[in-house]
Amino acid sequence: MYEIDIEGGNVSEEYVRPEIRKLRELVKQALLGGGPKGIEKQHRAGKLTARERIELLVDPGTFVEIDMFVRHRATEFGMDKRVCLGDGVVTGFAKINGRPVFVIAQDFTFMGGSLGEMHAAKIVKTLMTALEVGAPVIFMNDSGGARIQEGVDSLKGYGDVFYLNVQASGVIPQIAAIMGPCAGGAVYSPALMDFVIMVRKTSFMFITGPRVVKAAIGEEVDEFSLGGADVHATKSGCAHLVAENDEEAIMLIKKLLSYLPQNNMEEPPYVDTGDDPERRDPELDSIVPEDPMKPYDMHEVIERVVDKGTFFELQPDFARTAIIGFARLGGRVVGVVANNPGYLGGVLDIDSSDKIARFVMFCDAFNIPILTFVDVPGFMPGTAQEHGGIIRHGAKILYAYAEATVPKLTVIVRKAYGGAYIAMGSRHLGADFVVAWPTAEIAVMGPEGAAEIIWRRELETAKSPEERDKMLKKFAAEYREKIANPYIAAFRGYIDAVIEPRDTRPILIKALEILSTKREVRIRRPPRKHGIPPV
């Protein structure tokens, strides 16, 4: 017999009213989910339970559960004997670092976390309330998919969840953590959310599983090779971050939330990082190699400009020619977009175009200024890219930057050639403040390629390959001096200033401070329901 405290005094359990005793029994039953054996199995698989995940995620003592006693009402196929209070999902609201959030955590211990009618109704209610309140949603997925015993009710439930995901898009941040299976229709809810975090070795995500794949096309593959965390982090781009275990995934959720506003009507949280806004970095003056074809690490440029230790990269292993992530600049949150000259020269291809465009759209929806670092030789050539739709995908970047109304700051570090120059946050797409380093080259194409066209006849007169190379270098240098240098763009007003690299940080902070009260007044847009991006 356990002791409890009622009205400040210890009273034996035998004196507690039967109604209260029944309530406590039901709470105990609900807290066990699918039962002790299911919990033990979950732990053996290297996973936390739904309630353990929530406890680790939220501030202590702040979680308030919604619909703890909900149960399914299916009776077919023995479902009347398979009942669990909560119906395989835990929902509620809490605080993370003092800020309100709504939490959904599927409970794999009951019927593999499968989604049925009431399971879905709990998720829908949570999403709807979060939308009405204006608070972020964290959805911790751990489910075998639709509950086949409930038939069309399960499918209806998924449709309701997807509908709410879409209604919440661009209104409240939505974060999905894949912490176990996520298969079939279940994958579309994470795909409709803003960020996806996967756990290596315990999570996977796919439309059709290995058995269906083998039956349909004869291909043999296991769950992780088909849709594991590494696959989605490197090949499909469906995962933004990968964690080694549940604990790390929860840490990443908290870190991500620290950069995000509560909703689209609020500003992202300001944090005094203690980094001097006037800090100048002489190392930046020599970070770009003298040889324009030589690579360097753009990550280092970003780290030296933003507040120390604040750059939080997303999708680091997908579409590596581009870099995206959040950082703080003078304490203010910015979305960072950059070309990566250390990987294939920083060229834009189909995947990097999608990566950049979606991130820019997110930042614009949630009032996060966009800081772009440019070193781009152009769009990737070749039949694979052209046949894959590089025109359509590249146009997504143009659309995203042109549509964005948040403050847009751009630093042209080195190459900015052709259509890629326009796409990467140029003044012509509405950038508010554009600066260039003295190493910048802004032109229709690179000096060597331009020289091949402009001085074609002269080059044809060369008597040997060595003489031709010498002539080409001379002509390229002339083109670089007369056309491709940043001062030509500055003369036209296409960039606001050519600055010493060491001064980049203080100049950007001053510009961001001025632009913090920006209002979109330059263009009176015609009435429209919404634009049609080239998706």
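Visitor: In strand 13, which residue is the bridge partner of Phe312?

Guide: This is a predicted model, in which local features need pLDDT of at least 70, side-chain atom pairs count only at pLDDT 80 or more, and totals for chains, interfaces and linings use all residues. Residues are numbered from 1 along each chain as its sequence is written, and side-chain values use heavy atoms, without hydrogens and water. Strands are DSSP E runs of at least two residues, numbered from the N terminus, and two strands pair if DSSP finds at least two bridges between them. Strand 12 and strand 13 run antiparallel, joined by three bridges, and the partner of Phe312 in strand 13 is Phe326.

Visitor: How many bridges join strand 13 to strand 14?

Guide: These strands run antiparallel. Ile323 has Ala338 as its bridge partner in strand 14. In the hairpin, two residues lie between the strands, and Gly330 takes a positive phi near 65°. The bridges joining strand 13 to strand 14 number eight.

Visitor: How many residues of strand 13 are buried?

Guide: Buried means under 20% relative accessible area, exposed over 50%, partly exposed in between (1.4 Å probe, protein chains only). In a regular strand, side chains alternate between the two faces of the sheet. Here both faces are covered: one side includes Phe326 and Arg328, the other Ile323 and Leu329. Strand 13 is largely enclosed by the rest of the structure, because its buried residues number eight of eight.

Visitor: Which residues touch the most other members of the largest nonpolar core?

Guide: A nonpolar core is a set of buried Ala, Val, Leu, Ile, Met, Phe, Trp, Tyr and Cys residues joined through side-chain atoms within 4.5 Å. The largest has 66 residues. Not counting residues up to four places away in sequence, Ile412 touches several residues, among them Val374, Trp437 and Ile495. Those touching the most other members are Phe326 and Ile412.

Visitor: What is the phi of Ala319?

Guide: Most residues other than glycine have a negative phi. Ala319 lies in the loop between strand 12 (312–314) and strand 13 (322–329). Ala319 counts as buried, at 12% relative accessibility. Its phi is positive, near 50°.

Visitor: How many disulfides does a search of the whole structure find?

Guide: A disulfide is a pair of cysteine sulfur atoms within 2.5 Å. The sulfur of Cys182 is 10 Å from its closest cysteine sulfur, in Cys238, so that pair is too far for a bond. For Cys363 the closest is also in Cys238, at 19 Å, again too far. The number of disulfides found is zero.

Definitions and conventions. Contact means heavy atoms within 4.5 Å. Helices (H or I, at least four residues) and strands (E, at least two) are DSSP runs, numbered from the N terminus.
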